[in-house]
Amino acid sequence: MSQPDLTKFTDEQLVAIIRGQQPATSRPVEAAPLPEPVSPLVRIGQGMNDIYGGAKQKYLNFTDPQAAAQYTKKGAEDEAIIARGRAAYGEGGFDPLRMVGSVATPLSAIPMGGASAMTRAGLGALVGGAGGYTSFDPTNTTVSNLTNTAVGAVGGGALNAAVPPLVSALVSGAQTIKNTAGQAWRSFTQKVSPSVANNITQQVSVTLQNAGVDLAALPAAIRQSVLDDAASQFTSTGKLDPEMLLRRSDINAVGGPGSATRAQITRDPADWTNAQNLQKTEVNIPAVQRGDQPTLTGRFQQQNASTNRYAQELQDQMAGTAPTQTQASEQAIKAVQARDAASKVAVDDLYNKFRALGKGDVAVPDGNIAATLGNIVDEIGVENINKSVMARLREFGFLEGTRTKLLTVTEADKLGRMIGSNNPGFGVESMVATRLKRAVDSAILEIPEIDASKALIKARDAARTRFAEQEAGLGVSRAIADVAPDRFFQQNIIGGNTRDIIALRDQLAKTADGAEAWNSIRGQVVQFIRDQSTSTNGVFSGARMNDAMKRIGQDRLAQIFLPQELAQVQTLLRGSKAMTLEPAFAAPNRSNTTPSLMGALLRLGNKVPLMNVVTEPIAREVAASAQQTALINALQGGGVTAGRDSADAASRAALVKLLTEDRAFNPAMLPTAIQEQYRPR
């Protein structure tokens, strides 16, 4: 039975599925949509606008009271919209984020130097009080304006003193969230209906399997990490993003568990641009300077080291013993030559055994040969017999020739080999040569001394096998010819014909030394890919690896590597491309103007007389906090989904949280607000 499409279910139906119940077939009337949630940036921006809006309001109070009333009314309506958005998600009352924006507004572009907590508190109270008085007030009364002044002074002093520890707490909190991500998924799988958990695991398994990745074969840490991300995607959007799951799996396998960044998973041009630009300025964050905050640069270095380690481990699996291409080629050449020399000894030994029987001068009955020649002349035409073969046949009295030689066992053996050597391998002449060869072989078996004929046939078969091996492919024939080993690898492996590579591989597989040489060849192919993929400064590039793989070609790679090894090579390619290949339409700053501009902004406060003492500590901390938050978001790779709707995400997350608590799944036990939220209207 096929799995249902969860994305088409209502929230009520999703609740029923999670509880293991049959969802209602009829779709209820949609619930009234919740107001849009108010993001922290909007609330901070609201506070930052309070100063400018408030200044205009106070100015109108003195110049045009009627215009001031209209301006106040419009501002109050805007605030009511934001208030409804906060209230819809359980928020209300005093908004500390709005106070942050209000206090920081006049100073946001004027970073300052450090100061003691007492000094920062005093200066913050001074600036906060001034900002509180000039901030916009929806009632616009004397009492409310004085109240705003007092609150601004207290809030400004406390905020300015507390910003540095708050930034540290933010970093610590982000790490805690990351550490508990795995626990959230395990709680989810243990407590909700198995049908949902199994559906997620099955979809993840199919997604990875279609890309040649076996979920069950992944290391436990990477497998759990992928399922964690799948659970996060599902609880946020009700569906899975296969491409993101595959990228996360590949990056974790190649770059190390948990190493994927947001931009690498989403491959979104905006995310990529922001991350690359942020890397240029992250050194200015105080927490980075103290060593308390991980950086993108550090993450990329870690990924590069893990990628090279992954490639090295893959090369080690080949178990090759030759450290260079030339030495691997030398191994292969010697192994082929040793195999050919052993075959020659075996063939010579068989012929010597035949000669020891002393039956080489025994006459061979030629009736079958004559009959075959007659049929060929009548049915096919004498012109289709090779001229050299025809001349030899005439020497034995065939084709109206004058007999000058007796067709003995030895002479028949020579005749058979001559016919085989002149077989073109195609067309009518090939058919004629094949029929003649069979007639000669049959004639040898007709001699009374059957042991002698069998010994000769055995020797001839061994010789034929040896010659076939010598001519199986260019790599084999060149090795026997003892070509220079310094060009053998490039000529016969990287640029070799696929059939020639197969012939060389099969020939080497026949001896222990040959198998070892082939392993060395395969290991050097991995080394070739690594060398081509790594820049002069040691950075492994997915784009360069892609070029190297194309140069070798998929057909050659499929003959060089075992299927499971080729799957690992493909994982290395996909993972390195996801980590390093810039997506289309990304536009990161490629000059040094970004860090230079940041440095100029951090010194801007010194250009404002007297104000830098007041403004510098707050603005520096606000800028550093915002930049550090962006850095934490850029480093966070788990649970990232494309096109996430924030209202739907919050609603589903709250629902899943309630359903995964240690309580019976009884609808009556759900809080009244939740029951109302999901009640059909």
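**Exercise 1. Classify D349 by its relative accessibility, then find its salt-bridge partner.**

Solution. 
- Start with accessibility. D349 has 38% relative accessibility, so it counts as partly exposed. The cut-offs are: buried under 20% relative accessible area, exposed over 50%, partly exposed in between (1.4 Å probe, protein chains only).
- Next, the partner. D349 forms a salt bridge with K353, and the closest N and O atoms are 3.6 Å apart. A salt bridge here is a side-chain nitrogen of Lys or Arg within 4 Å of a carboxyl oxygen of Asp or Glu.
- Now place the pair. K353 and D349 lie 4 residues apart in helix α14, so about one helical turn separates them. Helices (H or I, at least four residues) and strands (E, at least two) are DSSP runs, numbered from the N terminus.

A note on the model: it is predicted, so local features need pLDDT of at least 70 and side-chain atom pairs count only at pLDDT 80 or more, while totals for chains, interfaces and linings use all residues. Residues are numbered from 1 along each chain as its sequence is written, and side-chain values use heavy atoms, with hydrogens and water left out.

**Exercise 2. Describe the salt bridge between E330 and K334, and say how exposed each residue is.**

Solution. 
- Take the contact. The side chains of E330 and K334 meet at 3.9 Å, N to O.
- Take the spacing. Both sit in helix α14 (residues 325-356), 4 residues apart, which means a separation of about one helical turn.
- Take the surface. E330 is partly exposed, at 28% relative accessible area. K334 is exposed, at 52%.

**Exercise 3. Locate D366 and R403, which form a salt bridge.**

Solution. 
- The closest N and O atoms of D366 and R403 are 3.4 Å apart.
- This pair links distant parts of the chain, 37 residues apart. D366 is in the loop between α14 and α15 (367-379). R403 is in the loop between α16 (387-395) and α17 (409-421).
- D366 is partly exposed at 25% relative accessibility. R403 is also partly exposed, with a relative accessible area of 46%.
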